[in-house]
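Good morning, everyone, and thank you for making the time. Please have the sequence and the picture in view while I talk.

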Amino acid sequence: MTKPSLPDLLHAAVSAVGGTERPGQVAMAEAVAEAIDDNSHRLIQAGTGTGKSLGYLVPALAHGERVVVATATLALQRQLVERDLPRTVDALHPQLRRRPQFAMLKGRSNYLCLHRLHEGAPQDEEEGLFDQFEAATPTSKLGKDLLRLRDWADETETGDRDDLTPGVSDKAWSQISVSSRECLGATKCAYGAECFAEAARERAKLADVVVTNHALLAIDAIEGAPVLPQHEVLIVDEAHELVSRVTGVATGELTPGQVNRAVKRSAKLVDEKTADALQTASESFERVMELALPGRLEHIPEDLGYALMSLRDAARNVISAIGATRDKSVHDEDAVRKQALAAVESIHAVAERITNGSEYDVVWYERHDRFGATLRVAPLSVSGLLREKLFEDRSVVLTSATLKIGGDFNGVAASLGLSPEGVEGDDVPLWKGLDVGSPFDYPKQGILYVAKHLATPGREGTRGDMMDELAELIEAAGGRTLGLFSSMRGAKAAAEELRGRIDNPILLQGEETLGELIKAFAADPKTCLFGTLSLWQGVDVPGPSCQLVVMDRIPFPRPDDPLMSARQKSVEEHGGNGFMAVAATHAALLMAQGAGRLVRATGDRGVVAVLDPRLATARYGSFLRATLPDFWYTTDRNQVRRSLAAIDATAQADGT
């Protein structure tokens, strides 16, 4: 039997999902197939509307080796597992003569733990789970959530938190879930044979395609204990998010509350002297943290250093003591012991990491009005880690609508630990970049308007001229506006001000769930939706409800962001341009994602308005604009108002 051709397979898959074949999708599929065959690596930028999921799924399924697909968002994981993969597998079956299996795999804490559910979570107050529920009364929100979880446990097939609708609070979920460190292990747990997390792992071991998230991919790479099954091909979708997700996994933190919980959980499992030493170290750490001021610690202060060394040593002794003692008087001893160990080991690891000190780590204090001070440590860069762990022994394809920053792939490649394209050398993974474009005609479908006449935004204070401009733009557009702000404070201020000035309804992030807000925004063209730029990367509202996307300012990182400023300083110390490599690249990525909200379908028309004159006047403006879709560009405020009014009139004539 002759091997089916890739174009035939792609055609069958596209027909099955009711899509349209695009030249960019074909080019992408060919590049992915080539990378898999050559065991090489690709960075592929595929604009909105390309159909990139089929562009990588079809060649991956055709190849026949096991594939891991890692995404950043739950929405894309669901789309792959519930829509794209089932239809694609059905469509390819007649030609492939086989039916590839697929499964989704998440971190253990995403699955309901039957041991926790039935035996109760070991509580600091020595109360079991449903004792706590009874005490909370069934009328309380927590009590209702727990009762619903108990009922759901009898009917769910997956135990996956995301299959529970409506969802429950983090507090309720934490009562019936465990981290991988707290898990007893399937062989020691009375419920091991029925465990949802273990069942998900078993399904993944048997699957040809495993869909997971960036965080689990990072854990698999960083912690050395394999979580994902062996695979020959790794596809990273939404790859522009990968570095920040890996950084998040590699970040450690310590708080007084966290240390106190570890003290309480371990006290009943060790002798009094060992417990007292950890208690004393905890009190010393808490005193230091009470005086902590936000900001980076380039050198560890003496008092903090002593407190961390005490914590490290006391935690190490507790870990040894917990491992050496047994106490049958403790109810559900194994679970209590495992939870206590997990809490103390986490404290030991972070205290030791900061105490040892590394030029490759950044340490800083954060302070929250409600929760007090937190001590954090994060890698200065994850590029070396990614180069070493991501690109070995498999073919890797990274794809996103935004991988070319400032016009080329090299910025993103450097953040992944890759050399510039085409550079060869020892231990340097070779890669190729491909931009397959977009099926949309951006110059005809959209306008990029920069409000050049406005004052340059300062760090603080309201911007009266910006508010006036925003109000006029919204009125010209007839509503239909997605407002993307660089801070939540800015979004709230704009919503409060404009609700008193214009007739259009304004929805604000945080006043309702994200899903409900997007639904309401899409349903009423007169409505506006305001939120922060960083949290609106997944908004997909094609059609006349979103014809104006406004960004209040260029979203550079805050100057006092410890990690970003440390990374910028490091680039400068090595002779590079820290501002362009870190701050401008960060802003470009967010702006590209934000601008991508405007045109989601071939019939969409509209304006992206940036209310920050620096995009037109500053030297770095051209770098930022090169990352955005190729819209028609103007700084003419009258022209843009006429265009918005015309787009609004057309939409109204069409009945929307």
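This is a predicted model: local features need pLDDT of at least 70, side-chain atom pairs count only at pLDDT 80 or more; totals for chains, interfaces and linings use all residues.

Let me begin with the open sheet, which is built from seven strands in the order S14-S15-S13-S16-S17-S12-S18, with parallel pairing. Its edges are strand S14, residues 506-508, and strand S18, residues 632-634, each of which pairs on one side only. From one strand to the next, the twist averages 20°.

Within that order, strand S16 (residues 548-551) and strand S17 (residues 606-610) run parallel and are joined by four bridges, and if you want a place to look, Leu548 stands opposite Val607 in S17.

Which helices go with these strands? Helix H19, residues 464-477, lies across S12, S13, S15, S16 and S17, and runs at about 170° to S16. Helix H21, residues 514-523, packs on the sheet as well, where it touches S13, S14 and S15, and its direction makes about 165° with that of S14.

Elsewhere in the chain we find antiparallel pairing: strand S8, residues 361-368, is joined to strand S9, residues 372-379, by eight bridges, and the two form a hairpin with three residues between them. At one of those positions, Asp361 has Pro379 in S9 as its bridge partner. S8 also pairs with strand S7, residues 295-296, again in the antiparallel sense and over two bridges, with Arg296 standing opposite Trp364 in S8.

Is Asp237 buried or exposed? Asp237 counts as buried, because its relative accessibility is 0%.

A second salt bridge brings together the side chains of Asp313 and Arg312, at 2.9 Å from N to O. Here Asp313 is partly exposed, with a relative accessible area of 29%, whereas Arg312, at 15%, is buried.

Asp612 and Arg614 form a further salt bridge, their closest N and O atoms being 2.7 Å apart, and both residues are buried.

How values were computed
Residues are numbered from 1 along each chain as its sequence is written. Side-chain values use heavy atoms; hydrogens and water are left out. Buried means under 20% relative accessible area, exposed over 50%, partly exposed in between (1.4 Å probe, protein chains only). A salt bridge is a side-chain nitrogen of Lys or Arg within 4 Å of a carboxyl oxygen of Asp or Glu. Two strands pair if DSSP finds at least two bridges between them. Axes are lines fitted to C-alpha atoms, for helices over the stretch in contact, and angles run from 0 to 180 degrees between N-to-C directions. Contact means heavy atoms within 4.5 Å.
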